[in-house]
Amino acid sequence: MNASPVDPKEGRFDRAANLLRVAAIAVVVLCACSLLVHAREPDAALGDQLAWAAVAVLLVVPLLRVAWLGVRWLRRGDVRFALVALGVLLVVATGALLA
Amino acid sequence: MNQAPIVIALLAAAAALLGSVGGVGGATLLVPVLVLLGNSPTDAAPIGLLTVAAGSLAAASRQLREGTVHHRLGLTVELAAASGAVVGALASTSLPESLLARILAGAALIGAVAAFTRKGVRNLPNPVLDAEPPGEWPGTLGGQYRLGDQIVPYHARHLERGLPASLGAGLIAGLSGVGGGFLKTPAMSELMKVPVKVAAATTTFTIGITASAGLLVYALQGRVQPVDGTGAILGAIAGGAVGARVQSRLPATTVRRVTGAMLLAVAVVVVVRS
């Protein structure tokens, strides 16, 4: 009996999925810490800083994911969709410049 | 905001629970309710997009492993949605609040219609593909997903119909702070003939980017109130997680109808008040 061959695509997103899970946990921890700090000392700057850190993670992670997909597709010769990913990032950057 | 962070957290949790079970997204319910509680639409919108971004991030890891997200399709339609979100967020500061409230009510109304009428395209399994892992086909808008023990191939069609719908969803997201998933998923499923499971997962991926594009503009305009946002984020993640568990135990049609009725009621009250 031969064992079934290992699928080369199996688990190809495991690392990215783990990073996304870590980011989600980081957001929860930062938000909980921010609320705790605020409950104890409403005027403490630390509470605001922790809250901004959580917001920053929420803002940046989707954009990093788009950049990662673009680089991945470019390396595999899928230039058309790499350009689409770049286009999405350019739209977001244009919005930030116009704001 | 007129409410304490803990109250916002509870409201966000309830909205995320109902929204995830009802398939319309929590922000579609949360933002109009915040406006009904006396907050201005311009203050409520960033809270809504924070919960959208949190919900998208919370689901990302599982959906990536399942292979149900079609990234190429998602980013293609996101070109239009992110553009809409940026334009909407930029325009929202120069529009009168009564008009923003009506846009929000319109979004809730569309969400209600989506909740009442939602259905999905069912593609047929292909036994030849049973040994293949689910995922997308490189260089195309096609792919395959797992349905029970079988693998079902699909190919997105009518991009020319999906792009305007995504642009509209992004515009509504940027203007009002609701996610726009209630427009994107039916657009992918009904107009582009993508299986509803793939459409829903791909939408969850893309609304995170739409929210990010809108939030970045809001943040640079000084409209993001991070401490109020933390309560909403925690509530949205907790409510979404409970909703995902409850979803399999409750009859989806009933929950969708209840959510649709609530959205309808909220839309009417927002219009009357504005």
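Predicted model: local features only at pLDDT ≥ 70, side-chain atom pairs only at ≥ 80, totals over all residues.
Residues are numbered from 1 along each chain as its sequence is written, while chains are lettered from A and ligands numbered from 1 in the order in which they are written. Local features need pLDDT of at least 70, side-chain atom pairs count only at pLDDT 80 or more, totals for chains, interfaces and linings use all residues, and side-chain values use heavy atoms, leaving out hydrogens and water.

**Exercise 1.** Find how strand 2 and strand 3 of chain B are joined.

Solution. Start with the terms: helices (H or I, at least four residues) and strands (E, at least two) are DSSP runs numbered from the N terminus, and two strands pair if DSSP finds at least two bridges between them. Next, look at residues 142-147 and 150-155 of chain B: these antiparallel strands share six bridges.

**Exercise 2.** Decide whether Cys31(A) is in a disulfide, and whether it is buried or exposed.

Solution. A disulfide is a pair of cysteine sulfur atoms within 2.5 Å. The structure has zero of them over all chains. For Cys31(A), the nearest cysteine sulfur belongs to Cys33(A), 9.4 Å away. Now the surface: buried means under 20% relative accessible area, exposed over 50%, partly exposed in between (1.4 Å probe, protein chains only). Cys31(A) has 0% relative accessibility, so it counts as buried. Cys33(A), at 33%, counts as partly exposed.

**Exercise 3.** Find which elements of chain B have the lowest and highest mean pLDDT.

Solution. Recall that pLDDT is the predictor's confidence in each residue, from 0 to 100. Chain B has a mean of 84, with 89% of its residues at 70 or more.
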